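Welcome, and take a moment to turn the model around before reading on. We will go through it one piece at a time.

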Amino acid sequence: MAPRVDVPERREPPSAPSETPSTQPKISVRDLDFFYGRTQALHNIVLDIPERVVMAFIGPSGCGKSTFLRTLNRMNDVIPATRVSGKVTIDDHDIYAAGTDVVALRRKVGMVFQKSNPFPKSIFENVAYGLRINRVTSSKSELAGRVEQALQDAALWNEVKDRLKMSALSLSGGQQQRLCIARALAIRPQILLMDEPASALDPIATSKIEELIFDLKKQYTIVIVTHNMQQAARVSDITAFFLLGKLIEVNATEKMFTAPNEKLTEDYITGRFG
Amino acid sequence: MNFVAARGDRTRRISSALMTSLTALCTLLAVGALFIILAYIALKGIGSLNFQFLVDRPRPVGEGGGIGNAIIGSLVLLAISSAFGLPIGIAVGVYLSEVGKSRLASIVRFIVDTLTGIPSIVTGVFIYAILVLPMKHFSAIAGGVALGLIMVPIVGRTTEEMLKLVPHSLREGALALGAPQWRVTLGVVLPAAASGIATGAMLAIARVSGETAPLLFTAFGSRFFPTSLNEPIASLTVQIYNYALSPYDEWHALAWAATLVLMTLILGINIVVRVLTRRKF
């Protein structure tokens, strides 16, 4: 018998989509196929993501979880020779329908990348960038206020408030990643996509990001891709397991890591492959 | 474990030492040649260099004279060519790196590469045909455009290479914040590559400031200080050419001094651009 994965005590009861059928899902995916050239990377994905939960995507490398995450804000559009079919609706809007404003979509669906990617600008300008391009405000004091708020929300304000004019590249790796989260939060999206946000960070920086995710859940719907199953267990309410481009199982996180429905999930979680 | 060199290691170490010293020797040759040229020019030129020489215009043999008008002419020509060649070159680079992903882009790239190899005198003759003949006279504008045309492919290709060095994650980061493509390019990608693009621009300016042939057909040269962009204008390179080809020893000395001034000018431009585009972040 393989050892069970430790599941830490939860601070809130999980809410799986099956248990809350009455609420409208924030994101709804139907029959999604995705192709890189001729290679099919995603097969017939069907998934609902409720509002204000943290959903984690787990699975071995190359299983399509990052690709799927990137279909939710049409980030794959920038990769040449890709093709998508099926339906992704966010608040009842089909985001792949003709005439969709991708810029407006990405404003609503923020994204944090695996590798922190601050712009070679000052700390302040990094956070202000999204506000400026979206013409959120023309008043300087309001801009400064929203930058401060975003940095507060990303739990970075106290560390950088005295050096907002310094280069963002002078920050440590963990601080840079929180800066990227602040940058995404500044334009107040409704959904936050996180592609392995802590994979390049040390344990202390990782725990800061995880605490942050827990706080952000009150306001945002968060979808996080992670390689780290303990992390998925710690931060998420619902977990989805991907394998070879297929969605194998979606379940309340607690259930997923103690008594998954699928044999494949159990094999992966208990470390038999992947 | 035995760390004493085995027999086979001896030849390996000898050939390693041989190749290392060979590369060092070649570097020494290249750098040495440059320093010999610089030292020789300085030695020959410094004798005729004085304040009068820098501010006066050319005079008949025996009356001294200077290259003040040629210095100003060269700077004017560089300004015109930069105003014309740098924006177009940078735009070409942006197109090749950021916009054009199609077959057209590879055709443009091939043409730009071919353009780099065109002898500068051909560019001069071309501008003579399309600008000087219709205007019916030589002019600073024609000279500047000819030099600018030489700059376009150099700046275009270096800009493209520099933009390609900007990590893709930066573009995605900006796109994910809802930035349209043009704002990503202008606000994030170009500034991130600014110092590299400036280096490319500098190389292009240094390259054209040494050009003589295209100016013979376009700016022509002048013995007077410029008063208008619509008339022939002097330049250091053409002035050096005229002085050097003359049969007078006095003018030969002036040619050396003018060469020294030209080299100093190029060095000065390089330093100024370097300081201005120093990485701030």
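Helices (H or I, at least four residues) and strands (E, at least two) are DSSP runs, numbered from the N terminus. This is a predicted model, in which local features need pLDDT of at least 70 and side-chain atom pairs count only at pLDDT 80 or more, while totals for chains, interfaces and linings use all residues. Residues are numbered from 1 along each chain as its sequence is written, and chains are lettered from A and ligands numbered from 1 in the order in which they are written.

Let us begin with chain B. It has twelve helices and zero strands. Its radius of gyration (taken over C-alpha atoms) is 24 Å, well over the 19 Å that the globule rule gives for 281 residues, so chain B is more spread out than a compact globule. That rule is 2.2 Å times the number of residues to the power 0.38. Along its principal axes, the C-alpha trace of chain B spans about 80 × 60 × 35 Å.

How much of chain B is buried? A residue is buried if 20 or more other C-beta atoms lie within 10 Å of its own, exposed if 12 or fewer, and partly exposed in between, with C-beta atoms placed from the backbone. Of the 281 residues of chain B, 37% count as buried.

Now look at where the chains meet. Two residues are in contact if their C-beta atoms, placed from the backbone, lie within 7 Å. On this basis, 16 residues of chain B are in contact with 24 residues of chain A. The elements giving two or more residues to chain B's side are α7 (168-176) and α8 of chain B, and α7(B) supplies the largest share, six residues.

Helix α8 of chain B also leads us into chain A. There, helix α3 (residues 123-133) is mostly covered, with nine of its eleven residues buried. Among them are I123(A), V127(A), Y129(A) and L131(A). The buried residues of α3(A) pack against α4 (140-153), α5 (157-160) and α6 (173-186) of chain A, together with α8 (181-192) of chain B.

Finally, some backbone angles deserve a look. Most residues other than glycine have a negative phi. Just after α3(A), however, R135(A) takes a positive phi of about 50 degrees. N44(A), in strand β2 (residues 39-49) of chain A, has a phi near 50 degrees and is partly exposed, with 14 other C-beta atoms within 10 Å. A155(A), in the loop between α4 and α5 of chain A, has a phi near 55 degrees. With 17 C-beta neighbours inside 10 Å, A155(A) counts as partly exposed.
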